[in-house]
Every structure is written in C-alpha cells, then in structure tokens.
Amino acid sequence: MKFPRFVKIAVNNVLGECHLETSSEGELIIAEGAEGELIEILSSALKFRYKLVQPKDKVWGNRKDDGNWTGKIGLVQSGEADLGMCKIILTEQRETAVDYSYPYDTMQMVFANKAPSRIPQLFAYVHPFSAELWFTIWALFLTIPFLWKVMFKCNVSVISLFGEVFYTILGRAASVRLTKFHEHILLGSWIVAVSFLSRSYTAVLLSFLTFPLQESVIRDIPQLSEAIAGGKYKCLTFEGTSVTESMKSSPREYVKMIGNAIDENEWFVTPTLEGVGRAISEKNTAVIAMKPYFEDHYVGTASISTDYFSVYHFGIIFQKQFCCKKVLDRKLSLIWSTGLYEKCKRHYQFRAHLKLRANRIEGLENIKALSLENISGALLIYLLGVSVSLIVFLIEIFLPKLK
C-alpha cells in the first residue's frame with residue numbers, strides 16, 4: 001500500500017533529539033536534533049510532507065482511568081496525529097493504545113546527580129593517614145617518652161623527652177645520651193619507623209595537594225534507594241514518560257521503591273537543559289534519564305551512575321488502523337542497517353562535546369596564582385604552633401616572678 005502524501009507527527013521538545021522552535025510563519029519546526037534528521041530522511045524516502053504537532057500537556061503519555069491516554073500517545077490514539085516520534089519508549093502497556101514500528105535505537109536508563117566537589121585543602125593535611133593510624137601515632141607519642149625514661153635511665157625530664165620524640169617525628173636528630181647497646185637499638189628502631197611514617201605522609205600529602213580529594217557521592221541504584229528511603233535524597237524524572245511505570249513493575253524491590261516514591265511525591269522535572277541542570281546542581285537530588293543525555297550535555301557537572309535501571313527500545317508509534325506499517329518498518333530497517341541514524345546521532349553528539357570542550361578551554365583563562373586559601377591549612381598549623389610557643393614563653397617569664 002502506498003504511503004500517505006501528508007502526515008501529522010506528534011513530537012515533544014527533547015534536547016539533542018527534537019529541539020522544537022516556532023518558525024516565522026508560526027509553524028512548529030525541529031531546529032536541530034538527531035530525530036529531526038530522521039524525520040527528514042523518512043520524508044525523502046517515503047515522499048511525504050508532514051506537520052508537527054505538540055500535545056498541550058507536553059508529555060509523552062499517561063494512561064487515564066477511562067482507558068484513554070494523555071500526551072503524544074493520546075494524540076496518536078485519538079487520530080489527531082498519524083505518527084509519534086522524539087524518543088518514545090516501546091512498552092507493553094502503550095501497545096494497548098498504539099502500534100509500534102521497527103525499533104531504531106536502544107539506550108540505558110540511568111540516574112545522575114551533582115558531580116562531587118573538592119574537599120577543602122584545609123583538611124588535606126589530615127587525609128594522608130586514616131583515623132586509626134592517627135590514633136596510633138598519638139598513642140605512641142604519649143607513651144614513648146615514658147618508655148625512654150624507664151629504658152634509658154637518664155636524668156632528663158619526661159617533658160624534655162616529649163620534645164625529643166617530637167623532634168624525631170619531624171626528622172631531626174635526637175640528643176639523648178646513650179651508653180648501652182640495647183638503648184641504641186631502641187632509639188634506632190624508633191628513628192627508622194618515624195622516618196618511614198613522615199616520608200609516607202609527605203608523599204601522600206603532595207599527591208592530595210596535586211590531585212585534590214573529592215566528596216563521595218551516590219553512584220549505584222541500591223545506594224540511591226537507601227538514601228530515598230531514609231529521606232535524605234529525592235529522585236526526579238521527566239513527567240509523562242513510562243519510566244516510573246516500568247520501575248514500579250520491576251522485580252527488584254529497591255527499583256520498585258524508587259518508582260513508587262517518584263509517583264507519590266510527584267518528583268518530576270522539565271526536560272530542558274536548564275531545568276535538568278538546576279535539578280542536578282541541587283544537593284541530594286538525582287535525575288533519571290537516558291545515559292547519552294547526561295554524557296552529551298552534563299559532562300563535568302554531573303556524576304552518572306555506574307549501573308542502570310533497564311535498557312529501553314525506541315521507535316515510532318502510529319494508530320492501530322495505520323495503513324502502511326510494513327512500508328515504514330522496511331524503510332526504518334534500511335536506515336538503521338546502513339547506519340544513517342547512527343550518523344545523525346554522532347553528528348549531534350560531536351557538536352555537544354565540542355561545546356563542552358570550548359567551555360573547558362575558556363575555563364583555562366581563569367587559572368590563578370596560588371591563593372591564601374590554598375595554603376590555609378599550613379598557615380593554620382603555623383599560627384597554632386606560634387600561639388602555643390608564645391603562651392609557653394609568657395609562662396616561662398612570669399611564672400618565676402609569681403613564685
């Protein structure tokens with residue numbers, strides 16, 4: 001059967017796929033996007049003209065209580081549009097209302113949250129050693145002077161021995177006088193141990209200052225589920241998609257819990273670059289979308305999950321009574337097998353990555369000289385030492401006079 005000469009296509013605004021704008025004549029057009037090119041390829045191959053229509057609610061489609069659908073699914077189901085495009089997920093539930101074409105794309109559904117920020121360099125001086133190792137070093141610092149007092153049998157005070165232990169930790173030589181062989185072994189083993197510790201600390205500290213530490217963020221779905229259950233996190237997705245429905249029917253309980261939480265709390269976000277960007281920039285907020293969407297537009301600003309909710313297939317939807325399903329499937333199959341649609345996708349991915357790269361190059365101009373903030377940790381330690389030494393100095397001056 002011959003393909004119709006004119007069709008209405010239901011679309012939605014999707015960045016990188018169907019970027020919708022209004023022409024000077026007031027008609028809806030796809031300014032750019034991979035699916036916009038796919039429509040042009042199909043129009044040329046099947047020799048038809050088309051008009052784009054957008055649902056009033058601007059969603060993909062939800063099933064209503066009376067069995068009818070909203071969004072693009074509703075437009076095609078009611079006959080207001082012949083076809084529906086722009087990243088429509090093929091699901092069993094939607095198949096009750098419309099028919100599907102040959103699937104031309106497959107993607108993973110993931111979540112992304114705010115990229116981890118750097119831990120202030122003020123705390124970099126603490127991170128080279130774990131908490132257990134710091135406690136061990138403090139315990140040794142408090143016990144070694146008493147051990148030396150007993151083992152060396154010297155007339156030096158314990159306070160002076162504390163100073164000797166501190167000097168050896170800083171890499172200076174000890175001035176304790178030794179007379180026996182076992183005393184040399186004890187002091188020598190201590191110097192070797194603290195030399196290894198101090199050099200290890202210096203090496204790790206330099207690596208932290210060169211590559212600053214970053215905060216830990218949620219990177220997998222079980223962690224996200226626990227955070228949402230504990231009321232510490234919220235998770236957004238695009239309204240009118242089939243994401244929440246498929247999540248609620250998932251065999252994995254933690255995925256089902258996330259889907260129920262999204263529906264109950266109405267955690268939805270506008271599918272625009274600005275809307276998703278604002279959501280991702282919020283603390284303790286995740287956004288669910290297709291993996292390429294985040295990779296193309298939010299590299300460096302978003303942390304993408306290491307696992308995925310599911311794999312989705314995308315296709316064109318049309319009415320149950322549509323005349324030319326086989327003709328459309330045949331052309332889509334040829335377009336997919338020859339790599340034309342993949343070429344369209346890579347074209348817009350390249351453009352998106354090029355824009356991100358340009359932003360990074362512009363960012364290099366903002367590199368500044370070493371600031372006070374960069375050495376705040378070292379200055380704080382220095383001021384603390386000066387304050388303590390000043391207090392001790394004043395005590396040494398005034399204590400004899402008070403006596």
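**Figure 1. Surroundings of lysine 345 in the predicted model.** Leaving aside residues up to four places away in sequence, lysine 345 touches Ala34, Asp105 and Met107 in this predicted model. Lysine 345 is found in helix H12, which spans residues 340-363, and with a relative accessibility of 11% this lysine counts as buried, because the term covers residues under 20% relative accessible area. The side chains of lysine 345 and aspartate 105 are joined by a polar contact of 3.1 Å, and both residues belong to a network of salt bridges that links Glu35, Lys87, Asp105 and Lys345.

**Figure 2. The salt bridge between glutamate 35 and lysine 87.** In this view the side chains of glutamate 35 and lysine 87 meet in a salt bridge, with an N to O distance of 3.3 Å. Glutamate 35 lies in helix H1 (residues 34-46) whereas lysine 87 lies in strand E5, so the pair ties together parts of the chain that are 52 residues apart in sequence. Glutamate 35 and lysine 87 are each buried, and the two residues are members of the network of salt bridges that also takes in Asp105 and Lys345.

**Figure 3. The disulfide of cysteine 18 and cysteine 86.** The structure holds one disulfide, formed by cysteine 18 and cysteine 86, whose sulfur atoms are 1.9 Å apart. The link between cysteine 18 and cysteine 86 is left-handed, with an angle of -95° about the S-S bond. Distant parts of the chain are linked by this pair, since cysteine 18 sits in the loop between strand E1 (6-10) and strand E2 (19-22), while cysteine 86 belongs to strand E5 (residues 83-89), 68 residues apart. Both cysteine 18 and cysteine 86 are buried. Cysteine 344, by contrast, is in no disulfide, and the nearest cysteine sulfur to it, that of cysteine 18, is 12 Å away. With a relative accessibility of 2%, cysteine 344 counts as buried, whereas cysteine 323, at 38% relative accessibility, counts as partly exposed.

**Figure 4. The salt bridge between glutamate 282 and lysine 234.** The count of salt bridges in the model comes to 10, and one of them is shown here, in which the side chains of glutamate 282 and lysine 234 meet at 3.6 Å, N to O. Glutamate 282 lies in the loop between helix H9 (273-281) and strand E10 (285-290), and lysine 234 lies in strand E8 (residues 234-238), so the pair ties together parts that are 48 residues apart in sequence. Glutamate 282, at 34% relative accessibility, counts as partly exposed, and lysine 234, at 31% relative accessibility, also counts as partly exposed.

Figure 5. Arginine 346 forms a salt bridge with glutamate 342, in which the closest N and O atoms are 3.5 Å apart. Because they are four residues apart in helix H12, arginine 346 and glutamate 342 are separated by about one helical turn. Arginine 346 is exposed, with a relative accessible area of 54%, and glutamate 342, at 35% relative accessibility, counts as partly exposed.

Figure 6. For residues 19-78, an unreviewed UniProt entry lists "domain: Ionotropic glutamate receptor L-glutamate and glycine-binding".

Methods. Residues are numbered from 1 along each chain as its sequence is written. This is a predicted model: local features need pLDDT of at least 70, side-chain atom pairs count only at pLDDT 80 or more; totals for chains, interfaces and linings use all residues. Side-chain values use heavy atoms; hydrogens and water are left out. A disulfide is a pair of cysteine sulfur atoms within 2.5 Å. Helices (H or I, at least four residues) and strands (E, at least two) are DSSP runs, numbered from the N terminus. Buried means under 20% relative accessible area, exposed over 50%, partly exposed in between (1.4 Å probe, protein chains only). UniProt positions are given in the numbering used here, feature names are shortened, and annotations may be inferred rather than shown by experiment. A polar contact is a pair of N or O atoms within 3.5 Å; within protein, one must be able to donate a hydrogen and the other to accept it, and residues adjacent in sequence count only if both atoms are side-chain atoms. Contact means heavy atoms within 4.5 Å. A salt bridge is a side-chain nitrogen of Lys or Arg within 4 Å of a carboxyl oxygen of Asp or Glu.
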